[in-house]
Amino acid sequence: MMKHFAMTLMVLAGAAGLQAQNNPLSTELKRFYDGSKNNITRSAEKMSDADYAFKPIDTVRPFGGEVGHAAEWQMITCAMAKGEKPTNPAEGKTSKTDLLAALKTAFDYCDAVYNSLTDASAMENVKGLGGRDMTRLSVLWFNVSHNNETYGTMVPYLRLKGIVPPSSEPRPQGKKQ
């Protein structure tokens, strides 16, 4: 039984390596998406429920608004990549619990898009921003860029509340990142 399990793991690991080798663009894009998803999700989790209404100044969104914005744009860009009409799971939501659920829904939707992406499908045209023809790769790179911008906006909110942002946390000794 253990021998069969070990063989299965080796085959799966080999298949994952082959996927990365045969699809270097989509594999790299997914890695960057996963990093941005991790930073946004962990930031949303770290902020207290009470501080979801926090605004450093009156002219910006509250922290919860940034979480909702991230969820909405996941749906917009990944729906473009799929050729579907987006929904906004964060619409009307303000509590931490509701916004974390909306963010999870949006990232789950995008996970399926990134997980099914190959280099060949990345080069296909879709209707992108403003209805322009864009490659699926461009639309999804925009999503990663937007995620990083949103995370960059969230960082000062966290710091002003004395919270260390996820990307600034100490790394475990001996672990490459």
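A residue counts as buried when its relative accessible area is under 20%, as exposed when it is over 50%, and as partly exposed in between, using a 1.4 Å probe and protein chains only. With that in hand, 37% of the 177 residues of this chain count as buried. The model is predicted, so local features need pLDDT of at least 70 and side-chain atom pairs count only at pLDDT 80 or more, while totals for chains, interfaces and linings use all residues. Residues are numbered from 1 along each chain as its sequence is written, and side-chain values use heavy atoms, with hydrogens and water left out.

**The overall layout**

Let's start with the whole chain. It contains six helices and two strands, and reading along the sequence gives the pattern α-α-α-α-α-β-β-α. Here helices (H or I, at least four residues) and strands (E, at least two) are DSSP runs, numbered from the N terminus. The chain exposes about 10,100 Å², and carbon and sulfur atoms supply 59% of that area; accessible areas come from the Shrake-Rupley method with a 1.4 Å probe, and for residues only the protein chains shown count as cover.

A contact means heavy atoms within 4.5 Å. Among the contacts in the chain with a separation of 6 or more, 68% are between residues 24 or more positions apart.

**The disulfide**

A disulfide is a covalent bond between the sulfur atoms of two cysteines. In this model, a pair of cysteine sulfur atoms within 2.5 Å is taken as one. The structure holds one disulfide, formed by Cys78 and Cys110 with their sulfur atoms 2.0 Å apart. The pair links distant parts of the chain: Cys78 lies in helix H3 (residues 63-82) and Cys110 in helix H4 (residues 96-116), 32 residues apart. The torsion about their S-S bond is about 115°, so this disulfide is right-handed. Cys78 is buried, at 0% relative accessibility, and Cys110 is buried with a relative accessible area of 0%.

**Two helices side by side**

Helix H4 also packs with helix H2 (residues 24-46), at an angle of about 175° and with axes 11 Å apart. Axes are lines fitted to C-alpha atoms, for helices over the stretch in contact, and angles run from 0 to 180 degrees between N-to-C directions. Angles under 35 degrees count as roughly parallel, over 145 as roughly antiparallel, 65 to 115 as roughly perpendicular and the rest as oblique. H2 and H4 are therefore roughly antiparallel to each other. Residues making the contact include Leu29, Tyr33 and Ile40 of H2, and Leu100, Phe107 and Cys110 of H4.

| Residue | Relative accessible area | State |
|---|---|---|
| Arg136 | 15% | buried |
| Ile163 | 16% | buried |
| Gly68 | 11% | buried |

Arg136 belongs to helix H6 (residues 136-160). Leaving out residues up to four places away in sequence, Arg136 touches Ala81, Leu117, Ser121, Ala122, Glu124 and Val126.

Ile163 sits in the segment after H6. Apart from residues up to four places away in sequence, Ile163 touches Lys46, Met47 and Leu158.

Gly68 is placed in helix H3. Its contacts, setting aside neighbours within four places in sequence, are with Ala90 and Leu99. The C-alpha atoms of Gly68 and Glu91, 23 residues apart along the chain, are separated by 7.4 Å.
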